[in-house]
Amino acid sequence: MVTLGVRRWETLADSVQGVGKQRNQDWYACQGTGSGTDPLVLAVADGHGSAVHARSALGARFAVDRFLALAAAFGRAAHDCHEPGRLARLMTYARDDFPRALVQEWRQEALGHWDRNRPVVEEASREPVTEEKLVLYGTTLIGAVLTPWLFVAWQIGDGDLAVVEHDGALVRPLAPAEEDLGDETESLCGREAWRAMRMHWAPVFEEARAPRLVVLSTDGLSKSFASADGYREFVSGLAGRLAEEGSAGVREVLPDWLAQASRYSGDDTTLAAAVRPAPTPADTPPAPGAPGTPEEPAEPVEPGTTDAQTPPGPAGGEMDMERTTET
């Protein structure tokens, strides 16, 4: 349970190993309070796991660890973002410099591990070049930072960022225009990985306009559904259950939901989420029918459902002019 302004942010996260997998290649973390001096940072990473990416479980952990440190520092730097020109400079850093810094630190971490843990080979064997070493640690990454004034997220590779906005609209701001085919995806081990990193920038000008729910998940979850609609239904149902039961009840059943998803997708499945509880009676009540009202909330759709429909409620709504998604 964490704090953002006068409200609390609550986090829930878990990960399950894919059926038949020798080890879980995913990694995740949630840290921070969401205050201006202690931002809330969420991250999930999915190591590629194939033979050519033999150390990708470590690569995923390195990615999450380095993201946590850099994103927390970025969030603290945003403490005075309302100063003239400050927001524009922060956005430029988030779009251009943050991805480069993250990729550079991940590469250093991976290469440092290689140097300390070289495989035993014949003396005459060729030393792998840098790119060949990095491929061993290949991983995707999704990360987000939440402060009282700013919500920023980055992604490279597959997986999903889903956001339930203040008005109940469900969006996937970092979803690519075309989904990756098969198991091919962008990776931190790519030659110019920072160019492949997508960014979502969303200033929070009023506390009431902060997101209600932010969900990061590896592709083991979305692949368990027959279509993107099934994944949207799951997130919509998750938001409904959280509004009805609170995070404690959902946290109890989350491992079962992820395990069921993993059985359908066959992949490691990880989810990390931050939820902003519904307004207190003293706050302005939401419009009738909006998530968080006493009406019956949606139930999370079971993984593998083939007849998922578009979730009810707002599907769009006007965004702040300053809210952008960069690739």
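Helices and strands here are DSSP runs, a helix being at least four residues long and a strand at least two, numbered from the N terminus. With that in hand, hello everyone, and let's look at this protein together. Please keep in mind that it is a predicted model.

Counting that way, the protein has 6 helices and 12 strands. Its length is 327 residues, and buried residues make up 51% of them. The accessible surface comes to about 15300 Å², with 50% of that belonging to carbon and sulfur atoms. Now think about contacts between residues at least 6 apart in sequence: 76% of these join residues at least 24 apart.

Let's go inside. In soluble globular proteins, nonpolar side chains tend to be buried together. Which residues have the most contacts inside the largest nonpolar core? They are F67, F74, L141, V152, W154 and W201, in a core of 42 residues. Several elements each supply at least two residues of this core, including helix 1 (56-77), helix 2 (86-116), strand 5 (139-146) and strand 6 (150-156). Apart from this core lies another, of 23 residues, and V164, L170, L258 and L271 are among them.

Strand 5 deserves a moment of its own. Is it enclosed or open? Well, 8 of its 8 residues are buried, so strand 5 is largely enclosed by the rest of the structure. You can see this on both faces: T139, L141, G143 and V145 are buried on one side, and T140, I142, A144 and L146 on the other.

Next, the aromatic rings. The structure holds 10 aromatic pairs. One of them is F98 with W154, a stacked pair at 4.0 Å centre to centre and 15 degrees between the planes. F98 sits in helix 2 and W154 in strand 6, so this pair ties together parts that are 56 residues apart in sequence. Both of these residues, F98 and W154, are buried. Compare the arrangement of F234 and W257: their ring centres are 6.0 Å apart and their planes at 80 degrees, so this pair is edge-to-face. Here F234 belongs to helix 5 and W257 to helix 6, so the pair ties together parts 23 residues apart in sequence. F234 counts as buried at 2% relative accessibility, and W257 is buried too, at 14%. Ring pairs also link F67, F74, Y93, F98 and W154 into a cluster.

That brings us to helix 5 itself, residues 228-245. Its 18 residues reach 26 Å from first C-alpha to last, close to the 26 Å expected at 1.5 Å a residue. Of those 18 residues, 13 are buried, so helix 5 is largely enclosed by the rest of the structure. Just after helix 5 comes G246, with a positive phi of about 85 degrees. Then S247 lies in helix 6, which covers residues 247-265. Why does S247 count as buried? Buried means under 20% relative accessible area, and S247 has 7% relative accessibility, so S247 qualifies. Leaving aside neighbours within four places in sequence, S247 is in contact with E10 and L242.

Notes:
Residues are numbered from 1 along each chain as its sequence is written. This is a predicted model: local features need pLDDT of at least 70, side-chain atom pairs count only at pLDDT 80 or more; totals for chains, interfaces and linings use all residues. Side-chain values use heavy atoms; hydrogens and water are left out. A nonpolar core is a set of buried Ala, Val, Leu, Ile, Met, Phe, Trp, Tyr and Cys residues joined through side-chain atoms within 4.5 Å. Buried means under 20% relative accessible area, exposed over 50%, partly exposed in between (1.4 Å probe, protein chains only). The expected span of a helix is 1.5 Å times one less than its number of residues. Contact means heavy atoms within 4.5 Å. Accessible areas come from the Shrake-Rupley method with a 1.4 Å probe; for residues, only the protein chains shown count as cover. Rings of Phe, Tyr and Trp (its six-membered ring) pair if their centres lie within 6.5 Å; planes under 30 degrees apart count as stacked, over 60 as edge-to-face and the rest as tilted.
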